[in-house]
Amino acid sequence: MINEEITSILRQEAEAVLQIPVCEDYEKAVDYIVEYVHEKKGKLITAGMGKAGQIAMNIATTFSSTGTPAFFLHPSEAQHGDLGIVRENDIMLLISNSGKTNEIVDLLQLTRGLVPDIKFIVITSNPDSPLAKEANACLLTGNPKEVCVLGLTPTTSTTVMTVIGDILVVNTMKRIGFTNKEYAKRHHGGYLGSKSRQQSVEEQTL
């Protein structure tokens with residue numbers, strides 16, 4: 001019985017990933033990231049509340065480790081001075097499953113008050129939400145059903161959010177031509193650091 005339950009959860013999560021809507025806004029989002037971070041020397045700032053915030057933090061660290069400077073900004077702390085990290089030429093990636101999270105909606109408005117022309121990339125399940133309507137690039141999750149037995153706990157939704165973040169990271173890496181040599185500069189220890197240095201040496205000998 002337990003094996004059947006596990007297989008069912010795996011199938012549901014895999015199907016949710018395959019149902020993520022593919023749209024032109026992915027290219028637009030990567031264009032913004034390359035333009036503002038790599039050409040205009042700004043930074044990517046991610047934000048989300050609760051489980052979505054943890055995904056936003058993970059996306060920021062993955063971007064930073066692959067050549068795109070990124071920071072996680074906690075929406076509540078932003079209202080107590082941390083908003084000061086935002087500067088001209090930065091770009092924001094906001095994550096909210098409902099697209100209505102009060103703290104994220106407030107963060108968007110507060111950020112616009114500081115940097116009026118800032119661009120927003122939004123990951124959400126709701127195309128009619130306040131955040132989706134304010135987004136310069138809106139990436140929809142497909143609104144998958146949570147595998148949680150209550151249908152409430154962020155489970156499947158956070159899986160697809162993570163995959164969407166991976167799509168942005170990988171495509172940005174391709175656009176900027178990120179290499180093993182550059183990866184090794186950011187990973188001095190551990191298995192990944194050793195592997196990237198080895199691959200960098202191999203590339204140079206080809």
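Here are a few notes on how this chain is put together.

1. Before anything else, this is a predicted model: local features need pLDDT of at least 70, side-chain atom pairs count only at pLDDT 80 or more, and totals for chains, interfaces and linings use all residues. Residues are numbered from 1 along each chain as its sequence is written, and side-chain values use heavy atoms, with hydrogens and water left out.

2. The overall layout: the protein chain has nine helices and five strands (DSSP runs, H or I of at least four residues for helices and E of at least two for strands, numbered from the N terminus). Of its 206 residues, 43% count as buried (under 20% relative accessible area with a 1.4 Å probe, protein chains only; exposed is over 50%, and partly exposed lies in between).

3. Now look at strand S4, residues 119–124, where five of the six residues are buried. On one side, S4 runs parallel to S3 (residues 91–95), joined by five bridges; strands pair if DSSP finds at least two bridges between them. Four bridges also join S4 to S5 (residues 137–140), again parallel.

4. Ile123 is a handy landmark in S4. Ile95 stands opposite Ile123, and Ile123 in turn stands opposite Leu139 in S5.

5. What about the start of the chain? Ile2 sits in helix H1, residues 2–18, and Ile2 is exposed, with a relative accessible area of 55%.
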